[in-house]
Amino acid sequence: MPMKPLSSSSRQGFFLSFFKILSLKVKPIWIEVGYFMTLSFLGFLALNVSKPRTLPSFRPQNLDVFFTSVSASTVSSMSTVEMEVFSDAQLIFMTILMFLGGEAFTSFLRLQLMKSKLVKKERVLQNKADSESSNSSTGDPIHHLELGTVTLHQLVDENVETKLEHAIINPIEDSETIIKLKSIRFLTYVVFGYILVVILVGSSLVSLYITIIPSAKQILKEKGLNLHTFSIFTTVSTFANCGFVPTNENMMVFKENSGLLLILIPQILLGNTLYAPCLRLAIWFLWKITKRQEFEYILKKSKRVGYSHIFPRFETIAIAVTVVGFISIQFVTFCSLEWNSEATAGLSTYEKLVGSLFEVVNTRHTGQSVFDLSTLTPAILVLFALMMLASTYSNF
């Protein structure tokens with residue numbers, strides 16, 4: 001007898017129960033380890049089943065495929081196989097792995113776990129409210145609006161919200177739980193929307209650029225790469241700060257395509273060091289438009305929300321200033337020492353400026369490169385090493 005598909009409410013209940021079990025029964029470190037192990041194993045199966053482009057002359061060993069899967073899911077950008085070996089289907093699977101393993105998406109999952117914990121606490125408050133309501137003799141709900149008896153579902157009700165505007169509410173723990181839960185729910189929507197918008201806009205711009213620029217289009221044609229696969233793969237890899245590019249030469253083959261580099265630079269920053277400032281800016285913008293209490297709570301009580309990528313205003317500004325400062329120092333130094341070097345030979349002034357900017361932005365982020373690092377001066381390599389160490393330190 002065929003099984004009936006789950007309804008939307010059933011699916012929602014299943015995922016809620018799943019996150020609830022994870023958040024309450026398992027320590028976060030084991031959740032993360034299990035997540036990446038499962039993701040890597042499933043990625044290995046998908047990559048192994050799909051056929052590479054180089055058949056029948058060459059097929060990667062299972063260990064190489066598994067290594068690539070782990071590298072993609074952990075956004076490490078290490079590979080023992082040339083990228084042009086992988087077929088279009090395999091590149092799509094790697095795109096999914098990078099998306100699910102990126103810091104922005106995994107932080108979204110952590111928000112879901114946080115929300116599941118608060119949902120349980122909110123249900124306790126709801127039961128408490130129902131119990132007190134049943135023992136009350138008066139029928140006017142405004143006389144029962146103590147903070148401990150107001151549930152999330154009551155707050156959503158427009159009539160109760162209207163009465164709450166005239167009620168005197170004391171800042172006790174129960175109300176904090178309710179507003180925090182509502183804020184985290186809104187935050188999950190914002191984070192997921194942020195990720196989708198950046199990836200969709202970025203991949204669309206990459207596709208548009210390659211379509212209208214003959215030199216970039218010719219590169220994909222010579223390498224046998226699908227335009228849309230290349231666009232979404234490169235965008236996800238850049239945003240997730242993985243560094244994979246479907247070409248064997250990484251971005252060096254596009255060093256004269258300054259427009260493409262300018263499209264990718266913002267995506268590098270939006271997915272890493274400028275993620276927190278841009279996310280806070282997006283929340284501030286939504287608060288100005290909607291005037292929702294949840295957005296105001298996130299902005300003013302970011303530490304209580306508990307999301308590791310939301311900081312107070314001053315700290316957010318400091319992060320943005322630090323990012324701009326580090327990039328400026330590297331950019332000036334790189335241009336000073338490498339302007340007439342072998343690495344930038346044959347490029348115009350504009351191409352050198354854009355290529356240098358792309359290179360220095362990548363040192364603390366994705367690791368993509370438009371220049372052969374072996375031709376750079378030792379001083380620049382030391383500077384890059386220091387910036388990579390600074391990036392590692394800032395993650396702790």
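This is a predicted model: local features need pLDDT of at least 70, side-chain atom pairs count only at pLDDT 80 or more; totals for chains, interfaces and linings use all residues.
Trainee: Are α4 and α10 roughly parallel or oblique?
Mentor: Helices (H or I, at least four residues) and strands (E, at least two) are DSSP runs, numbered from the N terminus. Helix α4 (residues 88–101) and helix α10 (residues 227–239) pack at an angle of about 25°, with their axes 9 Å apart; axes are lines fitted to C-alpha atoms, for helices over the stretch in contact, and angles run from 0 to 180 degrees between N-to-C directions. Angles under 35 degrees count as roughly parallel, over 145 as roughly antiparallel, 65 to 115 as roughly perpendicular and the rest as oblique. The arrangement of α4 and α10 is therefore roughly parallel.

Trainee: How many residues of the contact of α4 with α10 are charged?
Mentor: Contact means heavy atoms within 4.5 Å, and the contact is made by residues including Asp88, Leu91 and Met94 of α4 and Ile232 and Phe233 of α10. Ala, Val, Leu, Ile, Met, Phe, Trp, Tyr, Cys and Pro count as nonpolar, Asp, Glu, Lys and Arg as charged, and the others, Gly among them, as polar. The contact of α4 with α10 divides into 8 nonpolar and 3 polar residues, and the number charged is 1.

Trainee: Are α10 and α11 oblique or roughly parallel to each other?
Mentor: The axes of α10 and helix α11 (residues 258–270) come within 7 Å and cross at roughly 40°. Thr234, Thr235, Thr238 and Phe239 in α10 meet Leu264, Gln267, Ile268 and Leu270 in α11, a contact with 4 nonpolar, 4 polar and no charged residues. The two helices, α10 and α11, are therefore oblique.

Trainee: Is the crossing of α15 and α16 left-handed or right-handed?
Mentor: Helix α15 (residues 313–338) and helix α16 (residues 349–362) have axes that come within 9 Å and cross at roughly 130°, which means that α15 is oblique to α16. A crossing is left-handed if the near helix is turned anticlockwise from the far one by less than a right angle, and right-handed if clockwise. The crossing of α15 and α16 is right-handed.

Trainee: Which helix holds Phe295?
Mentor: Phe186 and Phe295 form an edge-to-face aromatic pair, 5.5 Å centre to centre with 75° between the planes. Rings of Phe, Tyr and Trp (its six-membered ring) pair if their centres lie within 6.5 Å; planes under 30 degrees apart count as stacked, over 60 as edge-to-face and the rest as tilted. The pair links distant parts of the chain, 109 residues apart, with Phe186 in helix α8 (residues 173–212) and Phe295 in helix α13 (residues 293–300).

Trainee: Which residue is joined to Pro56 by a cis peptide bond?
Mentor: Most peptide bonds are trans. Pro56 lies in the loop between α2 (28–49) and α3 (62–73). With omega about 0°, the cis peptide bond joins Pro56 to Leu55.

Trainee: What is the phi of Val75?
Mentor: Val75 is placed in the loop between α3 and α4. Its phi is positive in a residue other than glycine, near 45°.

Technical notes: Residues are numbered from 1 along each chain as its sequence is written. Side-chain values use heavy atoms; hydrogens and water are left out.
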